[in-house]
Every structure is written in C-alpha cells, then in structure tokens.
Amino acid sequence: MKKKITFEEKSKLVRGIALALAAVTVAGAVITPAMAMESDTVVSSDNWKYEIVSTDKNGNPLNVQYAKITKYTGHESDVVIPDMLGGYPVKNIGTDVFEETSGIKTLTLGKNLSGGNDSVFDDLKDVTTYKVEDGNTRYVADNGVLYVKNGTSKKLFAYPKAKTGSYSIPTDTTGIGYRAFFETEIDTLNIPQGVTIDNEASGDKYIYSFLGAKVNKFNYDGDTSGAIIKNGRLIAYGLDSNVDLSSVTSANPYAFQTVESLENATLPEAIKTTVPFTFYSGEIDGLPTRYFNLNGKTAYCYHYGARNPEIVGEASNYDKTIDSDEVRHNIKAVLFAGYPNDAYNLHHQLQFP
C-alpha cells in the first residue's frame, strides 16, 4: 500500500527538485539561488575574484543580478575588465581590487562597468593608458585619460600615474574628480575655462583634485603663468611657476605642492602665517598622511579626513569663554601644528610626554 503524501511534503519535494535543477556552476563553484542572494559569496574566474550582487543598498531584490569584481589576481601588462563573469554582467569594482598589483601598463574597462569609487585605481602605479570598450555609457577615455559621465556632466576621473608629458583637458569637460590626479606627474596641464575645480570645503573635508600630484605648470583659461588664481584666491601653484602672488587675498590650503614652493613664493606674509597649508607626505598602512606648514612650523595631521581650518587667528582671540564655532576651528589649527611636533611648545605647557 502506497504511503499517502501530505500537501506539505509535496511542497517540500517540489522545492528541493527546483533548487537542484536551478543550481548553476560558475568557475568550478556551485551557486544555488539561495547562495546567489548573498552578495559576499566570492568566486573566481581566470584572473578575477568576484561576487554576485542580488540586492540594492536597501536590501531590495534586483531585477538583474550582476558581478562585482573584488580582486585582480593576474600578472599581465595589458588588462581588460571583462564584460561578463559567470554569466553575469560586470557592473561594479571594489576599492582594493588592484592592491599589491604591479606591472599593469594598460587598463581597459568593459562595456558593462558603471560603478567604482574615486580611489579604485589608486594602486595602479604603472598605468600609462586607460581605455574603454565601445558601448560603455558611463566611462569614456581621451588620450589615455579616464572620464566619467553623468547626464550632461563629464568629469576627469583618473589620470594615468605613469603617463608622461603635458595634457590638455577637452573643452566639453565640466569638472575634475576628487582624486583624479593623485600621485601623478605632469609637465603642463591645460585646463579650459568651463572646468570646475573643487577648492572649497565640502562637508567635513576639502575636496582637492591635485593632492599628491606634481604639476610643473598650470594653464587655466589661457593664463600661462603656471598658477591658477580666481577672484584673488590662489587655487593651485605649479612647481615651475614664478608668478607674482603679492596681490593674492586668500589661498587654498592645498595650493602648493611642496614646502619649498611655498617658502619661495611671493605670497603675502599675512596669508603665509594664517593659512595652514597642507601637503601630502606618503602613506602609512595604506592611508594617505598629510602635514601642515604654518609660519615655518610643521606638524603632521593626526585626524585624517577632517576639514582643514581655512585660517588661524591671533593668540589673543583664544580663551576659555569662547563659544564661536569659527574660533574653535582656529584653535584646532594651532593644535594640529603644535602637537606632536611641539611647534608652539605645547608639550611643555600641556605636560605631554
């Protein structure tokens, strides 16, 4: 006599068969529908490690799943980010994909790639050329330089770190990304008038495109002085520039690339002694470090990512009754310069070890 199967048992059996039939094999790893919902399921294919993303940032299921690259494991000089991995379109790329990678000369972005933060290519020290495959609606390359498009805007996203010579930014460019020129070296950088250069505070930190860059001359809107000056404000100063800065009324804390350039410039002393000029000084444990130079004194920044104060004030402005946010910022500027390098004898006064 046959055993009668209940409705619940039938349902369980059907679900089990469906899962078994729907299982797919990707690069030697079996991904079931349940596993595919996990965005941290890392699989490998050729020179890439990647994960399948099935939900958006709010946890809602995606209509179309995609692959996000998490690591490059190859050793080629010409690398192409694939259009597909494991049958999924490659739409995103993680921050540390190229960490500890060397020798890549050319990087080509696949047609499906549309995501990646502004530091994703920081580790590519040997790249001379970026390319983009036809059909990509997010990225475009010009003379080896990578741009990102968003509607009517077009921003310079990444300049190859090993590219040599001079460069002219296309006239249809609307802006320059936060880390676009990080650790690059350029003879003359020609910038058309319509390009926006971020040089003011945004949120809690300055967004400045030339941090860690070495640019001999800036040519902005036909000005061949080697520096960028807008409305009396010094925004950027080229290494080979000798323009007269005596009429400058304010300056971006990141305007100078070296302390020597700052010291040799004809910048008014009132600005030299009040603006905490900030310089990139390499990396520690993968994080960029900065240091301040204020009135000939130097101190390392111990709070990376915080907004740099625009200016510092007179000592008489500081006492324990202060309730002004602006003055508090000025106090922080003095503390940055004073500790840990004891620029103002703070070690002794505050009894630091």
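**Strand pairings and two residues of a predicted model**

Good morning, colleagues. I begin with strand β5, residues 61-72, which pairs with strand β8, residues 88-93, in the parallel sense over three bridges. Strands here are DSSP runs of E with at least two residues, numbered from the N terminus, and two strands count as paired if DSSP finds at least two bridges between them. Within this arrangement, I69 stands opposite I93 in β8.

A word on the source. This is a predicted model, in which local features need pLDDT of at least 70 and side-chain atom pairs count only at pLDDT 80 or more, while totals for chains, interfaces and linings use all residues. Residues are numbered from 1 along each chain as its sequence is written, and side-chain values use heavy atoms, with hydrogens and water left out.

Strand β8 has a further partner. Strand β7, residues 84-85, runs antiparallel to β8 and is joined to it by two bridges. Here L85 stands opposite Y88 in β8. The two strands form a hairpin with two residues between them, and G86 in the turn has a positive phi of about 60 degrees.

Strand β11, residues 139-142, and strand β12, residues 145-150, pair in the antiparallel sense over four bridges. The bridge partner of D142 is V145 in β12. Two residues lie between the strands of this hairpin, and N143 takes a positive phi near 50 degrees.

I turn now to T173. This residue lies in the loop between β14 (167-168) and β15 (175-176). Is T173 buried or exposed? T173 is buried, with a relative accessible area of 2%; buried means under 20%, exposed over 50%, and partly exposed in between, for a 1.4 Å probe and protein chains only. Not counting residues up to four places away in sequence, T173 touches Y147, K154, L156, G194 and V195, where contact means heavy atoms within 4.5 Å.

I229 is partly exposed, with a relative accessible area of 31%. Which residues does I229 contact, leaving aside its neighbours within four places in sequence? They are L234, L245 and V248. As for S250, I229 is 21 residues away from it in sequence and 9.8 Å away in space, C-alpha to C-alpha.

Thank you for your attention.
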